[in-house]
Amino acid sequence: MVTVSTLLGVAVDGLAFGVFLALLGVGITLVFGLGEVLNLAIGTFAVMAVLVATVVVESGMGLVVAAVVALVAVAAFGLVVDRTILSLVYRSEGEERILLGIFTTLGLTVFLDGVLINYFPSRYTLPLNVGTVSVGGATLTGGSLVILVVGAVVLAVLFGFLRGTFLGKATRTVFQDETGARLVGVNPRRIRTLIFVLSAAVAGLGGLVFAAGSAVAVSNGFQFTTFALIISIVGGVRSLVGAVTAGVLLGLVNQFANFFVGSYIATIILFVTAIVVLLARPEAIS
């Protein structure tokens, strides 16, 4: 018999999964909204953070230190990618830039997957080991609660940065009117570099969040990218609030479906829900 306390536990786990989806969606929305580059390597960035954290943990360091090192490493790699490969992409404009960005980041993903699978052939987890918490008779997963808190704080800081700092306001200006941004002294290319590095770190955090409860393999990169695309499209492509909302919604749908009908059917339901949302609210893809 399914009880209210059981459903509450499923809901919390669903919110935790939604935070993971939201982080991926925000990562891909930031880059596309600012520079019209669809980063199909976003899932690989998430996986790379898990792999780096695993190496650090196995060397004897704590999980927090490992997470920090992993995020710094992924951000640094994102900087290298931005200043090399994406420099070529940003020389083009319009549909040409979008297409070139797709093929470039897809090629990067294929290359990285081929390299990483040789050194990390297994599946890896980063257990939080925080036990469970009892709330009103419901037993909640401690890991999910930690993920919710960390994710909420990170997203709040991100929105605070975009809304309350000079760099954040400059970023929003480029989002809205690149020509106007240039006229007031904002360098769009430097802003794009900052945001790409930030998006890589956000995606890396998403990977770490996922690995806190599930095993991650190099092959998961493609799945993560697919999730990111779904969340971004359902959320409105250029809307960060929409990406977070879509992530939480689909996270809950996936977790409840997984609980009642199993993981395979849950994945199908996730896609069907995304399609229904788009049909009911076609402006989501604008």
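Tutor: In this predicted model, the second largest pocket holds about 320 Å³ of space. Its lining is made of 14 residues, and those closest to its centre are Ala67, Leu128, Val150, Leu205 and Leu208. If you ask which parts of the chain supply this lining, the elements that give two or more residues are helix 3, which spans 63–83, together with helix 6 and helix 9. Helix 3 makes the largest contribution, with five residues. When the lining of the second largest pocket is sorted by class, it has 14 nonpolar residues, with no polar and no charged ones.

With that picture in mind, we can turn to the largest pocket, whose volume is about 570 Å³. Here 26 residues form the lining, and Phe17, Phe210, Gly213, Ser214 and Gln255 are the closest to the centre of this pocket. Two or more lining residues come from each of helix 1 (4–35), helix 6 (142–164), helix 9 (188–211), helix 10 (220–235), helix 11 (240–261) and helix 12 (263–280). The largest share belongs to helix 1, which gives four residues to the lining of the largest pocket. Sorted by class, the lining of the largest pocket has eleven nonpolar residues, 14 polar residues and one charged residue.

Definitions and conventions. Residues numbered from 1 in each chain as written. Predicted model: local features only at pLDDT ≥ 70, side-chain atom pairs only at ≥ 80, totals over all residues. Heavy atoms only, no water. 1 Å grid on protein atoms, 1.4 Å probe; cavity = no way out; pocket = protein on both sides within 12 Å on 5 of 7 lines; lining within 4 Å. Points joined across faces, edges and corners; volume = space filled by probe spheres on them. Nonpolar A, V, L, I, M, F, W, Y, C, P; charged D, E, K, R; others polar.
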